[in-house]
Amino acid sequence: MLRVGVNGYGTIGKRVADALAAQPDMEVAGVAKRTPNFEATAAHRAGYAVHAVSDAAPFAEADVPVAGDLDDLVEASDVVVDCTPAGVGARNRELYEAHDTPALYQGGEDADATDASFNARANYEEIARGDAEHVRVVSCNTTGLSRVLTPLEEAYGVEKTRVTLVRRGGDPGQSDRGPINDILPDPVTVPSHHGPDVNTVLPDVDIDTLGVTVPATLMHLHSVNVTLGSEVDADAVRETLADESRVFMVPEHARVAGPGHLKELAKDAGRPRGDLWENCVWEESVAVEGRDLYFFQAIHQESDVVPENVDAIRALVGDADAAESVVRTNRALGVGR
Ligand code: NAD
């Protein structure tokens, strides 16, 4: 059993903790929380040993028993998944190194703050074979792009990729984000950072990206154009993408108009927190003109990186190969069902 500590129990951390608890080969050593808010109470109620990152006294006042401090959690863990806000993870690296504990970080960290970046479909084996101990799971958008570009590259070759990312303004719980009534080129400079981020796991892909931020919270939407290495028809591309266990081909008959319907679909299916771990590609949007492929996909920013974190743990300290790990993770979570 791999004992995994989760530092930071917010949007990503709580989902990662539950995903780890569902794995047959992992257990949650505990979670670390800085603030004794409703999420700390929920962690305690879920049975996780809550560790206080700073002062433990406010946790007692909030009726959240504290099992120890962050040092105790790191010491008790074979690996730590750092799910703290962007930039905090890089500062925590020193602590993990002092305990000689490998760690995963999230997409908000700079790529060069860690030894390597990870996406299960793009570079699992490379991470498993290498000696990286501090590894960043790439962001939600980069995860979504890597999952489709890898099979397209394998099947047809990818000559050039151009993507416009229509980004949600904030997560549903982030009342301090926006815009609330605008459409922002974000960043206004072209290309955006997303393309270079894809290159941290797929260095050979030629990709330009543009970002737009809109008043929405549910999901991101990508408008994707890939110039393929060979001519192919749209049905073949649909089959290639449908073969991917973390791509959901949204069927025409489902009449899914957008992320609002997708989130309803996930909740109706009984998914925890209405999560959509898979890329959602509209089947009828897949179109080919010569070697130019076009499609739309929606990406659930709160959850698509969750199965990737589970696989990254096995790549770092486990003994499964990529295919075994992905099957194990998917089965335990219900990905693809
Ligand atoms: P969040 O704000 O929802 O959660 C962060 C948690 O860490 C909170 O519980 C906060 O109280 C806690 N925290 C703050 N400072 C801390 C500290 N010093 N030590 C321990 N805990 C601390 O953030 P999030 O959305 O879960 O993002 C976490 C990371 O995941 C970031 O790198 C982010 O860029 C990345 N990420 C976020 C999303 C998303 O859409 N939310 C998607 C992919 C990746």
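Which residue in β3 is the bridge partner of Val31? That would be Val50. A few notes follow on this and the rest of the model.

1. Ground rules. Numbering starts from 1 along each chain as its sequence is written. The model is predicted, with local features needing pLDDT of at least 70, side-chain atom pairs counting only at pLDDT 80 or more, and totals for chains, interfaces and linings using all residues.

2. The sheet. Eight strands make an open sheet with parallel pairing, ordered β4-β3-β2-β1-β5-β6-β8-β7. At the edges sit β4 (68–69) and β7 (116–118), each pairing on one side only. Strands here are DSSP runs of E, at least two residues, and helices are runs of H or I, at least four residues, numbered from the N terminus; two strands pair if DSSP finds at least two bridges between them. Strand β2 (residues 26–33) pairs with β3 (residues 50–52) in the parallel sense, over three bridges.

3. The ligand shell. There are 27 residues around the ligand, and Gly8, Gly10, Ile12, Gln106 and Gly108 come nearest. To be near, a residue needs its C-beta atom, placed from the backbone, within 6 Å. Helix α1 (residues 11–21) gives the largest share of the shell, three residues.

4. The core. The largest nonpolar core has 89 residues, and Val4, Val6, Val16, Val31, Leu104 and Phe118 touch the most other members. Helix α11 (residues 306–317) supplies the largest share of this core, six residues. A nonpolar core means buried Ala, Val, Leu, Ile, Met, Phe, Trp, Tyr and Cys residues joined through C-beta atoms within 7 Å. Buried means 20 or more other C-beta atoms within 10 Å of a residue's own, exposed means 12 or fewer, and partly exposed is in between, with C-beta atoms placed from the backbone.

5. Val16 up close. Leaving out residues up to four places away in sequence, Val16 touches Val6, Val81, Cys83, Val306 and Asn309. Contact means C-beta atoms, placed from the backbone, within 7 Å.

6. Asp275. You'll find Asp275 in the loop between α10 (259–268) and β14 (279–282). Asp275 counts as buried because 21 other C-beta atoms lie within 10 Å. Its contacts, again not counting residues up to four places away in sequence, are Arg15, Ala266, His300, Glu302 and Ser303.

7. Two domains. The protein splits into domain 1 (2–138 + 305–333) and domain 2 (140–299), with bounds from an automatic or database domain assignment. Their centres, taken over C-alpha atoms, are 26 Å apart. The contact takes 19 residues from domain 1 and 18 residues from domain 2.

Definitions and conventions:
Two residues are in contact if their C-beta atoms, placed from the backbone, lie within 7 Å.
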